[in-house]
Amino acid sequence: MRTSIPQEPARPAIRGKWRRIGAAAVGTAALVLAGLGTAVDASAAPATTTTARTTAAASTSAKVTWSPACSTPAKGQMACKALRVTGGTTAFQKAGAHADAVTPKAADAATPSGYGPSNLQSAYGLTSAAASNGSGETIAIVDAYNDPNAEADLAKYRSYYGLSACTTANGCFKKVSQTGSTTSLPSSDAGWSEEISLDVDMASAICPNCNILLVEATSATMANLGKAVNEAVTLGAKYVSNSYGGSESSSDSTYDTSYFNHPGVAITVSAGDSGYGAEYPAASKYVTSVGGTALSTSSNSRGWTESVWETSSTEGTGSGCSSYDAKPTWQTDTGCSKRTIADVSAVADPATGVSVYDSYGVTAGWYTFGGTSASSPIIAGVYALGGTPSSSSYPASFPYASAGTSALNDVTSGSNGSCGSSYLCTAKSGYDGPTGWGTPEGVAAFTG
C-alpha cells in the first residue's frame, strides 16, 4: 500500500470551481481547503445569499459544510462555482487523526485542512513523475477577472509545501489578459480570485516543475473565456485548464471551432458541480471532460479509495449526453448518440477537498476547496507530466487507448443523480458518465 495516512508539512493552502448560468438555478458552493489541521475561516467570504451545503461523503467526513465563493453572475455568463469549506471535519483531518469537528472562526485560517501535493501525488501514482518530469512544460489556467494576489498567494502555497519558487522573476509564472497584456488586466473579483488560487495551486501540486501561465478573461462570457483559451495556446501552452461551464446552447458547435479545436494541446474542462446533466464546454468533442470523485485513504494495496462525488441530486459531479456536440471518434459508448461526459476524473468532493492558500477578499490563509474546479487542473497537470502531446493529436483520446488497464483507477461505486441506473449517472466497471474511464494511476494514460 502506498500510504495509509497522508502527511504534509505543518503549514497552509486553497481554491474552487464555476460554470455558465443556465435555465436552472445556480447552486454548488465553494470549498476552502487548508492543508492539515483544523478547518478554516469562511466568514470573510464574498457576500452571498446561497445557503451553505452539508455532506457526509465517503463516510469519512461527516457534516462538512461549504459555501459558494462568488455571487450569481449575469445570465449568459459562466458562474464561478468554487466550493469553500466552512465547517466540519474533512477527510484529510480524519486521516490525520484530527477527528474533532470545528467551527471556523473569522481569523482562523492558519493551518491547512485539505489534501496537499504529496497526498494527491500519492493517490494518483505520480510521486516519481512529479519529482522528475515537467521541466519546460507550461500549464495555462484560464479564468475570468483578475486576482491581484495570484503570484504572492502561489508563493505561499509552494513555500509551505516545499515546492520550488514559481515567480515572474524566474520565468516560471506569468499573468496576462485575454489579449496577452501583462499590464492591462481585467477588473479584480474576490470570488474568481478564489477560483484562480485553487487552479494554480492544483497545477503546482501535480506538476511542481511546470511553468504556470494565468490567462485572465475580461469577463465570464464564453466569448471572452474562449479568447483567453486561444491566447494561452498562442503563447505556447500545451496544457490548458478550464474550471468553468454552464448550460449547453446551439452556439456550442461554433464555440468548438473558434476556441477549442487545438490539435496537440491537452484542454481540460470541469464536468460541472450540479449533478447529472451535461454542460458546456465539457461537452466539446475537443476537450478532456473531467468528472469528480470523493477520495479517502484506505487499507487496500493502493492506499486510497474513490467513489462518485454526490452531495445531493443537484450537487455533485456532472455527466450525461450532449444535446449538440457530435461524438468524437474515440468514444464508443452506445447510450448517447452525441458526446458523452465525462472522460476521466479526479478528486472534487469538498468533504475530501484540497488545500489552497488565498488572501484576496478573505482572511489571508489556508482554505479547503472542492468541485470539479479542482479536478480539471489536476488532470491538466497529469498531462503535463506525461510530456508534450504529438502535434496532430487530440489528447482527450489518450485515456481511451488505456481503457481497462492499470494506468487508470476504475471507480465503480456511487452515482450523481437519477437516470434509471444507467452508466450515464452510475459508476460501473469500465466506462461510466460520472468518472469516465477512472482516475490516473501514473501518466501512461495521458501520453500520446
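**Backbone and disulfides**

Tutor: Y145 counts as buried, at 17% relative accessibility; buried means under 20% relative accessible area, exposed over 50%, and partly exposed in between, with a 1.4 Å probe and protein chains only. This is a predicted model, in which local features need pLDDT of at least 70, side-chain atom pairs count only at pLDDT 80 or more, and totals for chains, interfaces and linings use all residues. Residues are numbered from 1 along each chain as its sequence is written, and side-chain values use heavy atoms, with hydrogens and water left out.

Student: Is S421 buried or exposed?

Tutor: S421 is exposed, with a relative accessible area of 51%. Its phi is also positive, near 60°, and S421 belongs to the loop between strand 21 (408-409) and strand 22 (439-440).

Student: Which peptide bond involving P281 is cis?

Tutor: Most peptide bonds are trans. The bond from Y280 to P281 is cis, with omega near 10°, and P281 lies in the loop between strand 11 (274-276) and strand 12 (288-297). Another cis bond joins I341 and A342, where omega is about 15°. A342 is placed in the loop between strand 16 (340-341) and strand 17 (344-347).

Student: How many disulfides does a search of the whole structure find?

Tutor: A disulfide is a pair of cysteine sulfur atoms within 2.5 Å. The search finds 4. Among them is the pair C166 and C172, with sulfur atoms 2.0 Å apart; the link is left-handed, with -85° about the S-S bond, and both cysteines are buried.

Student: Why is the disulfide of C207 and C210 right-handed?

Tutor: The torsion about its S-S bond is about 65°, so the disulfide of C207 and C210 is right-handed. The S to S distance is 2.1 Å. C207 is buried at 1% relative accessibility, and C210 is buried with a relative accessible area of 1%.

Student: Where do C321 and C336 lie in the chain?

Tutor: C321 is in strand 15 (residues 315-321) and C336 in the loop between strand 15 and strand 16, so the pair, 15 residues apart, links distant parts of the chain. Their sulfur atoms are 1.7 Å apart. C321 is partly exposed at 30% relative accessibility, whereas C336 is buried at 4%.

Key: Helices (H or I, at least four residues) and strands (E, at least two) are DSSP runs, numbered from the N terminus.
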